[in-house]
Amino acid sequence: MGTFTGTTMQWFSGLPNGHIISFDQIFELFREQLIVNQAPPPISFDLFGVKHRQGESLKNFLNRFGTFTVKFQTQNEALMVHTFG
């Protein structure tokens, strides 16, 4: 508990007194909380949100777009090309 800060500490402090009786239990509760609060994986529609920013070099934009497509893990070239349109 000594290493908990911020949101983690708020979550832990909100547990009822005496609720945690083992390390395995706190581990499982923490894991479940972590899974619930993870960002959802990107979907194909998210590609349309990657826009060339004003003043951004084309090289930086293409690097940012490429980084996103790696996270997206798509092989759909037609979809990626369409997002530039």
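**Exercise 1. In which helix does Phe30 lie, and what is Phe30 in contact with beyond its neighbours within four places in sequence?**

The model is a predicted one, in which local features need pLDDT of at least 70 and side-chain atom pairs count only at pLDDT 80 or more, while totals for chains, interfaces and linings use all residues. Residues are numbered from 1 along each chain as its sequence is written, and side-chain values use heavy atoms, with hydrogens and water left out.

Step 1. Phe30 lies in helix α2, where a helix is a DSSP run of H or I with at least four residues, numbered from the N terminus.

Step 2. Leaving aside neighbours within four places in sequence, Phe30 is in contact with Thr8 and Trp11, contact being heavy atoms within 4.5 Å.

Step 3. Phe30 and Thr8 are 22 residues apart in sequence, and their C-alpha atoms are 8.8 Å apart in space.

Step 4. With a relative accessible area of 33%, Phe30 is partly exposed, a class that lies between buried (under 20%) and exposed (over 50%), using a 1.4 Å probe and protein chains only.

**Exercise 2. Describe how helices α1 and α2 cross.**

Step 1. The axes of α1 (residues 6–13) and α2 (residues 23–36) come within 12 Å and cross at roughly 125 degrees; axes are lines fitted to C-alpha atoms over the stretch in contact, and angles run from 0 to 180 degrees between N-to-C directions.

Step 2. The two helices are therefore oblique to each other, the class left once angles under 35 degrees (roughly parallel), over 145 (roughly antiparallel) and 65 to 115 (roughly perpendicular) are set aside.

Step 3. Thr8, Trp11 and Phe12 of α1 make the contact with Ile26, Leu29, Phe30 and Gln33 of α2.

**Exercise 3. How many aromatic pairs does a search of the whole structure find, and how are the rings of Phe61 and Phe65 arranged?**

Step 1. The search finds 3 aromatic pairs, a pair being rings of Phe, Tyr or Trp (its six-membered ring) with centres within 6.5 Å, counted as stacked if the planes are under 30 degrees apart, edge-to-face if over 60 and tilted otherwise.

Step 2. The Phe61 and Phe65 rings have centres 6.1 Å apart and planes at 40 degrees, so this pair is tilted.

Step 3. Both residues belong to helix α3 (residues 58–72), where they are 4 residues apart, about one turn of the helix, and both Phe61 and Phe65 are buried.
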